[in-house]
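Subject: Structure for your review

Dear colleague,

Please find below the sequence and structure that I am handing over to you. My notes on what was found follow directly after.

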Amino acid sequence: MTVCVFHQAIPGYLGRSDTHLSLTLALKGDQPDTVYLRTEPDNEEQLCAMKPVRSESGWVWYQAETGWALHTDLTLYAFKLVWLERSCWVSASGLSTAMPPLTEVFRISRHHTVPEWISAQVFYQIFPDRFHCGDPRSTPASHQYDGMDEPSTIRRRWGERPNPEQGGNEFFGGDLPGIVQKLDYLQQTLGVTALYLNPIFSSRSNHKYDAENYLKVDAHLGGEAALAELSAQLHQRGMRLVLDAVFNHTSVFHPWFIAAQLNDPEARARYVFTGTQKSDYVSWKGHAGLPVLDMAHPDNLHDLLTGESAVIKRWLRPPYAIDGWRMDVIHMMGHGPGAANNADTVRIIRQAIKSENPDAYLLGEHFFEATSWLQGDQEDGAMNYYGFTHPIRAFLAGCDNRYDPLQLDAAGLANWLAQARSRIPFAQQLAQLNQIDSHDTRRFITLLNGHQPRYRMALGFLLTYVGTPCLYYGDEISLPGGDDPDCRRCFSWDESEWHAETLAFTQDWVQLRKQLPALQGGALVPLYAVDDVMVFARVLGDLQCLVALNRGGGCDIEVVDALLPLAADWQHQAGEGSLKPADRGWELSLASESIVLWSRSAQ
């Protein structure tokens, strides 16, 4: 007889005090003779027999207490099930016969917490120059800036396609006052609760990843007064604001670098030089306009992070009072020409942010796996390209992160997602920022060649999966876009150009995300993954949500009931599909290329 298991760091299954953890494991089916909690309090195995504390509908709950690990912040644990003639293990990656590696056991940080507000948010990312123009007078005029490369700065008409030949030198006029003017759309029409803005500090480029002054909001975006107004308006509405910090490199027009080029030894020491010539500086990915800062230099640490008036602290304080930082290429910030001592640098970043506001969000940019940065002592969450964007792109669009062909069936998708989740604490899973696209990628609707049914599947998955969902501006209206800068097109405010069905779909699923707590903080229970269909549940106390994705034709499947007992009937919430009881669980009838959501609650 098979066994079903359930454990995750949610209320009812994890209790914590200053000295102990209380852990609960639920089992259904062939009950073991002994259930052990396995820990390594001093790097040596400790097995503690768990006691059954209650039973219901074939499920038995086992419980044990353990002390925190004393030599490390992370307490690691797994469960061992022993029968007369066999045994198996329960880890964060599921059931296994072999003892799980430490990379896949459950883990919890003793001293580092993640702000609780994050997982309840629906974020919206805005590239400021392309969202809405609130004050045309502040838009840079053609030739206003002297850029490094030709052609020089040019002002464009709203809605024209970005020109790859212009790159960062063309301006369409979006600004912070424009965002303020559209807050009713963002909050009331769309339903988002938090904004993440691409960089806004003084720079001659439209993208502003080459800051000239970290202490000034760019004048063409409205300056500091506009940021203060935006922050005030958002917080009055109960919304949140996260800004983009680019501390790995500066513009060549930053005063520090200008002084370095004039052979000022103190300024030169801020950057990474490999020789005595002006041109002997290390630049980000070989881009000459982005000289790299040396994070070993105490002046950089003081001015950017640790000093009382440090940049990272300034914008966390009133009147700006932002709610967190997204750190650009955080994994590259280190000592010297590479990323040496990067972990120490990121810990300093965390300490600087949390010392100013313990409830502020630290989000790291990583295009690939970020496991080592997500163990509690560094980032709260990462831009979850590896654990969300890449696998859903492969499943629905048939390509990898470099747009090379990659075919992934439902089992492959479920396995990829499970591996990514299992390597980080549950708190960090909830704080991952999930996106289907961003300012650095082709838009998902373009990858799908405009195919709306699969695009809506991606949006629905974004809003039901573990982590914090983030829409990239225009996702809700199917704004297309290819490689940078085409993925940074202007938002069209002509509603006749919007894809109305996709907007309505997004509105509905955003509301469900906000209304159903299990979608915000619930554990994920994999239930089915075969061919084109994946089914999973989100569970939080007496709240359960059931989600089914089907990228193929209409079909009927049977899903085994592996969920905790709940007498309530399933209520259909959204999508095309039906559900009825079957011998071992439920029979699901699914429409072609669809996502469907049910929920139930004991209340």
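**Antiparallel strands and their neighbours**

Strand S26 (residues 543–550) and strand S31 (residues 594–601) run antiparallel and are joined by eight bridges. Please bear in mind throughout that this is a predicted model. Within this pair, Leu546 has Trp598 of S31 as its bridge partner, and Leu543 stands opposite Ser601 in S31. Strand S31 also runs antiparallel to S28, to which three bridges join it; there, Ala574 stands opposite Leu597 of S31. Most of S31 is covered, with seven of its eight residues buried.

These strands belong to an open sheet of five, in the order S24-S25-S26-S31-S28, with antiparallel pairing. Strand S24 (523–530) and strand S28 (571–574) are the edges; each has a single partner strand, so one side of each is left without a neighbour in the sheet. On average, and with direction ignored, neighbouring strands of this sheet are turned by 20 degrees against each other.

Two helices deserve mention here. Helix H10 (residues 410–422) packs on the sheet, where it touches S24 and strand S25 (533–540). The direction of H10 makes about 155 degrees with that of S24. Helix H13 (residues 452–462) lies across S25, S26 and S31, and runs at about 30 degrees to S31.

A further antiparallel pair consists of strand S29 (residues 577–581) and strand S30 (residues 585–590), joined by five bridges. A hairpin of three residues leads from S29 to S30, and Gly577 has Leu590 in S30 as its bridge partner.

Eight strands form another open sheet, with parallel pairing and the order S21-S20-S19-S18-S15-S12-S23-S22. Its edge strands, strand S21 (381–382) and strand S22 (433–434), each pair on one side only. Within the sheet, strand S18 (residues 240–245) runs parallel to strand S19 (residues 324–327), and four bridges join the two. Val242 stands opposite Gly324 in S19.

Helix H2 (residues 183–190) has Leu183, Tyr185, Leu186 and Leu190 buried. Their cover includes three strands of the parallel sheet, namely strand S12 (123–126), strand S15 (194–197) and strand S23 (468–472). Helix H1 (176–181), helix H3 (223–236) and helix H14 (500–515) are also among the elements covering the buried residues of H2. After H2 comes Gly191, which has a positive phi, near 95 degrees.

**A buried histidine in a loop**

Is His297 buried or exposed? His297 has a relative accessible area of 14%, and because buried means under 20%, this residue counts as buried. His297 lies in the loop between helix H5 (265–268) and helix H6 (298–306). Leaving aside residues up to four places away in sequence, His297 touches Glu266, Ala269 and Arg270.

**Cavities**

Rolling a probe the size of a water molecule over the atoms shows where empty space is left. In the whole structure, the search finds five cavities of 30 Å³ or more.

The largest cavity holds about 160 Å³ of space. Its lining has 20 residues, of which Asn384, Gly387, Ala420, Ile424 and Gln432 lie nearest the centre. Helix H9 (385–397) and H10 are the elements that give two or more residues to this lining. By type, the lining of the largest cavity divides into 12 nonpolar, six polar and two charged residues.

The second largest cavity has a volume of about 60 Å³. Its lining consists of Arg38, Thr39, Glu40, Leu76, Tyr77, Ala78, Met99, Pro100, Leu102 and Val105. Strand S4 (34–39) and strand S8 (74–82) are the elements that give two or more residues to it, and S8 supplies the largest share, three residues. The lining of the second largest cavity divides into seven nonpolar residues, one polar and two charged.

With kind regards

How values were computed
Residues are numbered from 1 along each chain as its sequence is written. This is a predicted model: local features need pLDDT of at least 70, side-chain atom pairs count only at pLDDT 80 or more; totals for chains, interfaces and linings use all residues. Side-chain values use heavy atoms; hydrogens and water are left out. Two strands pair if DSSP finds at least two bridges between them. Axes are lines fitted to C-alpha atoms, for helices over the stretch in contact, and angles run from 0 to 180 degrees between N-to-C directions. Contact means heavy atoms within 4.5 Å. Buried means under 20% relative accessible area, exposed over 50%, partly exposed in between (1.4 Å probe, protein chains only). On a 1 Å grid over the protein atoms alone, a cavity is a set of points where a 1.4 Å probe fits but cannot get out, and a pocket is an open set with protein on both sides within 12 Å along at least five of seven lines; lining residues have an atom within 4 Å of a point. Grid points are joined across faces, edges and corners, and a volume is the space filled by probe spheres set on the points. Ala, Val, Leu, Ile, Met, Phe, Trp, Tyr, Cys and Pro count as nonpolar, Asp, Glu, Lys and Arg as charged, and the others, Gly among them, as polar.
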